[in-house]
Amino acid sequence: MSDSAMFKMPTIDLSAKSLLTLSQLGIFAVFAYWAVEGGVEDNIDYLFLVMMAGAGLALFLSVPNARMGVTLGIPAVMVVMGVVMGENEMMFWAVFMLIMIGPIAYMPAMATGDPTLGLDDETRLQRLGILWIVFALFMMFMMSGLADMATEGELTEQDNDGNEFTMVLDSSQQTIAQGGLAVGVIGVLVFLLTALMGTEIGPMLPWHGGAMVAVAMMAAQYLWTVGENAPSGSPMDYVMILCMIGLIVLTPCIAYKDADSD
């Protein structure tokens, strides 16, 4: 395969690298599904479907400049849509998607040392560590609502139709949320110390921090399933959390494997 090829078919097996690539693809596949899950009301739904599906395939096939195009292109389209439709709220979601999509697009390539990044190993791992921490905190405190569930025992959100609902936890469920959040925060600290600062913490490795954050994400998903007034879930919710966990755990496992064996 020449460097000028328009795409590259990845090898699919049970290796960590392959599973990380599939996790990345799975996230965009679920985004594409969610765009039309409740039925298609207008052309915007089709636009998001095509945009997410195209982004996932471009990254999966290593299309040149796909990472930059996906990271900046999706928020840019949302900004344009917000201006055209006069929906200022779309600007917020554009920033939200930028923070979320950027790490999803870049972390697998940074973990595997993709040469197209043009980074030396030290710089690559430093930037990856910072990006991973931002993404892990974003998932715990913004996406999952775990912090609100742990501190308030309830969470107010909007469903797919824009209707507001409040999910309420009982005391046992709130304790689970508190435990999950504590484990997740400890996991971020473990990763920070072992991956970025090079500190030895007994047998702890960077991917152990990722596993702790994964526990927090699974706790949040469980509470979304059992909480009072929680919206009914779908199988795709579990596919998404599985792919997110794959991204969170496999990224440090692959990136810092060589350092761990030294």
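Tutor: Happy to! This is a predicted model, in which local features need pLDDT of at least 70 and side-chain atom pairs count only at pLDDT 80 or more, while totals for chains, interfaces and linings use all residues. Residues are numbered from 1 along each chain as its sequence is written, and side-chain values use heavy atoms, with hydrogens and water left out.

Let us begin with isoleucine 101, which sits in helix H4, residues 89-112. Helices are DSSP runs of H or I with at least four residues, and strands are runs of E with at least two, numbered from the N terminus. Isoleucine 101 counts as buried because its relative accessibility is 0%. The word buried means under 20% relative accessible area, exposed means over 50%, and partly exposed is in between, using a 1.4 Å probe and protein chains only. Setting aside neighbours within four places in sequence, isoleucine 101 is in contact with Phe28, Phe31, Val70 and Thr71; contact here means heavy atoms within 4.5 Å.

Now compare isoleucine 99, which also lies in helix H4. With 34% relative accessibility, isoleucine 99 counts as partly exposed. Isoleucine 99 belongs to a nonpolar surface patch of about 770 Å², whose members include Met68, Val95, Leu98 and Ile130. Helices H3, H4 and H5 each give two or more residues to this patch, and the largest share, 3 residues, comes from H4. Patches are made of residues with over 30% relative accessible area and no salt bridge; like charges are joined within 9 Å, and nonpolar side chains (Val, Leu, Ile, Met, Phe, Trp, Tyr) within 5 Å. The areas come from the Shrake-Rupley method with a 1.4 Å probe, and for residues only the protein chains shown count as cover.

Next come the rings. Rings of Phe, Tyr and Trp (its six-membered ring) pair if their centres lie within 6.5 Å, and planes under 30 degrees apart are called stacked, over 60 edge-to-face, and the rest tilted. By this rule there are 9 aromatic pairs. One of them joins phenylalanine 92 and tryptophan 93 edge-to-face, with 5.3 Å from centre to centre and 70 degrees between the planes. Phenylalanine 92 is partly exposed at 48% relative accessible area, and tryptophan 93 is partly exposed at 36%. The rings of phenylalanine 96 and phenylalanine 138 have centres 5.0 Å apart and planes at 55 degrees, so this pair is tilted. It links distant parts of the chain, with phenylalanine 96 in helix H4 and phenylalanine 138 in helix H5, 42 residues apart. Phenylalanine 96 and phenylalanine 138 are both buried. Together, Phe92, Trp93, Phe96 and Phe138 form one aromatic cluster.

Finally, let us follow the chain past the helix to a charged pair. Side chains of opposite charge can pair when their charged atoms come close. A salt bridge is a side-chain nitrogen of Lys or Arg within 4 Å of a carboxyl oxygen of Asp or Glu, and the count comes to 2. In one of these, aspartate 114 pairs with arginine 67, with the closest N and O atoms 3.5 Å apart. Aspartate 114 lies in the loop between H4 and helix H5 (121-143) and arginine 67 in helix H3 (residues 66-85), so the pair ties together parts that are 47 residues apart in sequence. Aspartate 114 is partly exposed at 22% relative accessible area, whereas arginine 67 is buried at 18%.
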